[in-house]
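Here are my notes on this one, as numbered points. Have a look at the model first, then read on.

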Amino acid sequence: MKKVRITQVRSGIGRPQDQKDTLRSLGLKKMHRSVEVDMDDPSMAGMVYKIQHLLKIEEI
């Protein structure tokens, strides 16, 4: 399984509501918080791709 650590580095303020919802569904609530997600799931990969401009992505 390919796991990555995603960290929110940009704010969701001023972004479209669907991007804000995607941040919340990934478990990111505040700036500079990190979560680990499994990128084998296509839905997770799609969510990360959708808001990649707000994230820092590191392989674990």
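1. R5 and E36 form a salt bridge, with 3.3 Å between the closest N and O atoms; the term means a side-chain nitrogen of Lys or Arg within 4 Å of a carboxyl oxygen of Asp or Glu. The two partners sit 31 residues apart, R5 in strand β1 (residues 3-8) and E36 in strand β2 (residues 34-38). Helices (H or I, at least four residues) and strands (E, at least two) are DSSP runs, numbered from the N terminus.

2. Keep in mind that this is a predicted model: local features need pLDDT of at least 70, side-chain atom pairs count only at pLDDT 80 or more, and totals for chains, interfaces and linings use all residues. Residues are numbered from 1 along each chain as its sequence is written, and side-chain values use heavy atoms, with hydrogens and water left out.

3. How exposed are these two? E36 has a relative accessible area of 45%, so it counts as partly exposed, and R5, at 30%, is partly exposed too. The cut-offs are under 20% for buried and over 50% for exposed, with partly exposed in between (1.4 Å probe, protein chains only).

4. The structure holds two salt bridges. D18 and K50 make one of them, at 3.1 Å from N to O. D18 is partly exposed at 37%, and K50 is partly exposed at 38%.

5. Overall, the protein has two helices and three strands, in the order β-α-β-α-β along the sequence. Of its 60 residues, 27% count as buried.
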